[in-house]
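Please look over the sequence and the model first.

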Amino acid sequence: MFDPDIAPSGTLLGLLQRGRGDGTLHALAAPRAEALGALNDSVLRDPRRDWQVENRSLYYARLYMQLDGGLDEIERHLFHPDDLTDTGEERTGLALAVLGHLAAYGRDAARLLLRSYAAVGSNWRWALDELALRDDDAGLMSLAPAVLARFPENEEGQTELAAAVRDAFEPRPWRLWAEDPRYGPRLTAAGEQGSFDRWQRQLRPRGPRPGWGIAEVLRWAEEGLELEPEEHRYLAAARCLAAVVGPEDRPELLRAARSGPDAARAAVLHHLAERGDPEVLDLIETAVTCPFSSEQLVSAGLAAFARMRSVAAVERAREWAPRTDRLGASAAAVLARRGAQRDADLVLAALRRTVREEGPDADGLWELVDGTGRLGVACAAPVLRHIYRETSSSQLRGRAAAALAVTDPGFAAGFAVECLWDCEETTRELAARHAATGDDRVVEQLRRLAADPAEEAEVQTAVRSRFGPDASAV
């Protein structure tokens, strides 16, 4: 995850970077050159806070189609000399995904550009995966010489080829090439090597062994911190404790939770929290609030508390929620998930405090936003609208929209209309169920979503649920 440079939410670029529905509507109303400039900037400088989770590619591809945008800027970006040195997927992944959707919409230039990049680009695996879904057999076969030439015909090259075949997200090209007698023997051997490698890893487990007791499991957890890079094994160790601990071992566990090494304490806290031990809440409070606790121990203590579902945990959350530290934030999140109507004020106070102190992109907002919707906190609507407009996270915006659907009487005629063009399919689905159809744009967009083969089935089902089983009634 990284922090991209996001333009203000009131600008066309800021709207497109966020993937808001208003971005599409404003782009279509703006001068074409300005709209294409903002669109290219968004695609070539990935604006997502978490590029592995948030959706933008279909949103941008649809706008390219509506603006009849050319692909020259994308081509220059893909084949820039930086591609030789900056080989991270985040530099080119969004552009390649957009090309994939454009190819699915019938843009031959996008498919040819993907083929060219798959042959010579550093992120060729992503391009090949896009083509695996959209190209024909002949097009994929034409790539075999260039792709296989990346792997020298020696021991090292064969090992790398085996890993590429084993880890391929879309196996279709590799299977197709394996059927060709020119490449079949080599790819068959690579596939067998990948299977053998997995079998060998299974025969060489590095984890706990039969006969281990509490001391051995906790020692193994601590050893993970000495590795390069570190392995945080405390969650796995907590699961192992469940298999070796008996009722007579509780005193030993409590001693480890109070004064053991941090990895051991983290494992024991998770184990005790899973079993609702009567002392675990006090132990968590001590671990989290102690100024000498490591970040690993604090995070583990908060995570252990978040997993608890007992009445005692909710009662303790009510005591901790007014705190302004991390323990208070975690307690408010627990109330947002599991609290009752009486906890609405505590959740709302935490939501307002988090936005005020950390801004509309704070990680702690997700559960608080969900909680205001779950608890139906009507007076939360103003702060939810602020989060909706300002956050750079399209997924958090979708959660804010879902909460507004419950708390804001004006949602159906307001933000729900914009959400029909949102970049996240879950947000479009929400809008399809709620948007008021008095606006002609709503009916037209519902028709487009129902007819678009690239649209998610859940969205199309939501559209049809508004107008009966016959989609043509839209």
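The model is a predicted one. The chain has 30 helices and zero strands, and 50% of its 474 residues count as buried.

**Whole chain**

- Taken along the principal axes, the box filled by the C-alpha atoms is roughly 70 × 65 × 45 Å.
- Among contacts between residues at least 6 apart in sequence, 65% join residues at least 24 apart.
- A search of the whole structure finds 37 salt bridges.

**Helix α2 and what covers it**

- Helix α2 spans residues 21–29, and its buried residues are G21, G23, T24, L25 and A27.
- The cover over these buried residues includes α1 (12–18), α3 (32–44) and α4 (57–67).

**Helices α19 and α21**

- Helix α19 (residues 280–289) and helix α21 (residues 311–320) have axes that come within 11 Å and cross at roughly 35°.
- This crossing of α19 and α21 is right-handed.
- On the α19 side the residues that meet α21 are L281, D282 and E285.
- Their counterparts in α21 are A312, A313, R316 and W320.
- Three of these residues, D282, E285 and R316, also belong to a network of salt bridges that share partners, together with E319, R323 and D325.

**L283 in helix α19**

- L283 is found in helix α19.
- L283 has a relative accessible area of 8%, so it counts as buried, the limit being under 20%.
- Leaving out residues up to four places away in sequence, L283 touches L254, A257, R258, L269 and L272.
- From C-alpha to C-alpha, L283 and G139 are 61 Å apart in space, and in sequence they are 144 residues apart.

**R107 and D68**

- R107 is found in the loop between α7 (89–104) and α8 (108–120).
- R107 is buried yet has no salt bridge.
- The nearest side chain of opposite charge to R107 is that of D68, 4.8 Å away.
- A polar atom of the R107 side chain lies 2.9 Å from the backbone oxygen of G69.
- Not counting residues up to four places away in sequence, R107 touches Y64, M65, G69, G70, L71 and L102.
- D68 lies in the loop between α4 and α5 (72–78).
- Phi of D68 is near 50°, a positive value in a residue other than glycine.
- D68 has a relative accessible area of 57%, which means that it is exposed, the limit being over 50%.

**Salt bridges looked at one by one**

- Side chains of opposite charge can pair when their charged atoms come close.
- R134 and E130 meet through their side chains in a salt bridge of 2.3 Å, N to O.
- Both R134 and E130 lie in helix α9 (residues 124–134), four residues apart, about one turn of the helix.
- R134 is partly exposed at 25% relative accessible area, whereas E130 is buried at 11%.
- D408 and R385 form a salt bridge in which the closest N and O atoms are 3.1 Å apart.
- This pair links distant parts of the chain, 23 residues apart: D408 is in the loop between α26 (394–407) and α27, and R385 is in helix α25 (residues 381–390).
- D408 is buried, with a relative accessible area of 12%, while R385 is partly exposed, with 24%.
- E444 and R448 form a salt bridge whose closest N and O atoms are 4.0 Å apart.
- E444 and R448 both lie in helix α29, four residues apart, about one turn of the helix.
- E444 is partly exposed at 40% relative accessibility, and R448 is partly exposed as well, with a relative accessible area of 42%.

Conventions: Residues are numbered from 1 along each chain as its sequence is written. This is a predicted model: local features need pLDDT of at least 70, side-chain atom pairs count only at pLDDT 80 or more; totals for chains, interfaces and linings use all residues. Side-chain values use heavy atoms; hydrogens and water are left out. Helices (H or I, at least four residues) and strands (E, at least two) are DSSP runs, numbered from the N terminus. Buried means under 20% relative accessible area, exposed over 50%, partly exposed in between (1.4 Å probe, protein chains only). Lys and Arg count as positive and Asp and Glu as negative; His and the chain ends are not counted. A polar contact is a pair of N or O atoms within 3.5 Å; within protein, one must be able to donate a hydrogen and the other to accept it, and residues adjacent in sequence count only if both atoms are side-chain atoms. Contact means heavy atoms within 4.5 Å. Axes are lines fitted to C-alpha atoms, for helices over the stretch in contact, and angles run from 0 to 180 degrees between N-to-C directions. A crossing is left-handed if the near helix is turned anticlockwise from the far one by less than a right angle, and right-handed if clockwise.
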